[in-house]
Amino acid sequence: MKLLDRLIVKDFLKTYFFVVLMLIMIVLVLDFTEKNDAFIRNEVPTSEILEYLFNYGLYLNNLLTPITVFISVVFITSRMAGRTEIVAILSSGVSFMRMLVPFLMGASLIAVASFLLNGWVLPGATEDVYEFKREYLKEDSQSHYQNFHVKVAPDVYAYISRYYTSSKTGRFFTLEHIKDGELLSKLSAESIVWDTVANAWEVRNWKLRVLGEMGEKYMEGDKMDTVLSITPEDFDLPSNHHETLALPELNKQIKVLEDRGADNLSFYKIEQYVRFMSPFAAIILTFIGVIVSSKKTRGGSGFKIALGFMLAFIYIILFLLSRTFAEAGTSYPLLAVWLPNLIFAVTGLVMYKTVPR
């Protein structure tokens with residue numbers, strides 16, 4: 001089987017790279033056709049367009065991995081079944097699980113490559129894609145933030161109702177010192193402005209309440225400087241910042257946001273879960289693909305390839321839905337992110353036990 005293993009792995013990887021290349025080229029042509037008028041209107045340099053298409057191709061490779069893996073497996077396995085090669089292998093005394101080994105080896109290589117791309121290469125390409133869209137296509141140009149909560153010190157919490165990035169100004173600012181569930185002081189201000197000369201925040205039209213054992217103290221004023229552990233750069237981050245960080249940087253950012261108690265921590269943690277979850281999709285879908293297409297049928301491989309497309313699209317849709325639910329604030333984000341893999345893994349085991357091969 002060792003020679004046959006090498007042939008199957010080689011054929012699997014060759015087919016995978018061919019399918020990936022074809023699908024990416026099709027999507028890139030469609031994307032270029034759609035945006036060509038904007039490229040001409042904004043006088044985008046050709047070198048910038050080519051770099052954008054290359055980076056977008058890397059992004060598409062990650063997105064299309066479930067489809068390309070499944071199609072490759074179904075194509076190879078159905079072709080082997082059509083030539084009665086699988087019947088010959090099984091008739092020689094080789095078990096079905098042993099026949100799966102080269103397919104799973106190929107899927108594991110793809111999974112490792114996908115993990116390395118997701119963790120270290122793809123974030124930089126994704127950042128370049130979003131930067132290109134912001135600069136030339138005027139996409140994702142967020143100018144203000146609403147309901148911004150952050151922990152700026154131990155037991156000290158800040159809130160800004162609305163922050164405008166262009167003027168570096170926040171409206172309706174509060175700073176609360178809470179210890180053991182008890183409010184010790186509260187600073188309220190109509191606005192907070194970043195002083196570019198002093199590199200510090202200035203609160204305007206402020207009111208301060210200090211609660212102590214001897215009673216409550218109340219103060220107010222027009223302007224006052226205050227020191228916070230946040231700067232305007234923290235607001236200038238794009239909405240998809242979590243997608244543009246390499247895995248080590250993502251882990252550091254999660255630690256910083258945990259210390260601050262920031263509201264957007266869930267997006268970064270979910271991105272971290274996805275980085276470790278997505279490579280397993282290649283292995284699970286390969287397992288299902290071999291089971292689905294290992295039996296010879298009169299209709300040939302066309303129906304099985306169509307079935308592969310459908311199952312892969314179902315996986316992608318389920319993944320997008322589960323990630324949306326996780327980012328919406330579900331109580332179990334880790335379970336929500338892994339749900340597609342769990343469902344398809346159970347489906348594969350059921351099919352292995354029940355589907356004739």
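Predicted model: local features only at pLDDT ≥ 70, side-chain atom pairs only at ≥ 80, totals over all residues.

Trainee: OK, what volume does the largest pocket have?
Mentor: It comes out at about 570 Å³.

Trainee: And which residues sit closest to its centre?
Mentor: Those are N62, L63, V274, F319 and R323, out of 27 residues that line the largest pocket.

Trainee: Which elements give two or more residues to that lining?
Mentor: Four helices: α2 (46-82), α4 (96-136), α6 (265-277) and α8 (302-327).

Trainee: Which of them gives the most?
Mentor: That's α8, with seven residues in the lining of the largest pocket.

Trainee: How does that lining split by class?
Mentor: You get 14 nonpolar residues, eight polar ones and five charged ones.

Trainee: Switching to the second largest pocket, what's its volume?
Mentor: About 440 Å³. The second largest pocket is lined by 22 residues, and the ones closest to its centre are Y145, F148, D234, N264 and Y268.

Trainee: Which elements give two or more residues there?
Mentor: The strand β1 (144-153), plus the helices α5 (247-260) and α6. You'll remember α6 from the largest pocket, where it also gives two or more lining residues.

Trainee: And which element gives the most this time?
Mentor: For the second largest pocket it's β1, with six residues.

Trainee: Last one: how many of its lining residues are nonpolar, polar and charged?
Mentor: The second largest pocket has 10 nonpolar, nine polar and three charged residues in its lining.

Note on methods:
Residues numbered from 1 in each chain as written. Heavy atoms only, no water. 1 Å grid on protein atoms, 1.4 Å probe; cavity = no way out; pocket = protein on both sides within 12 Å on 5 of 7 lines; lining within 4 Å. Points joined across faces, edges and corners; volume = space filled by probe spheres on them. Nonpolar A, V, L, I, M, F, W, Y, C, P; charged D, E, K, R; others polar.
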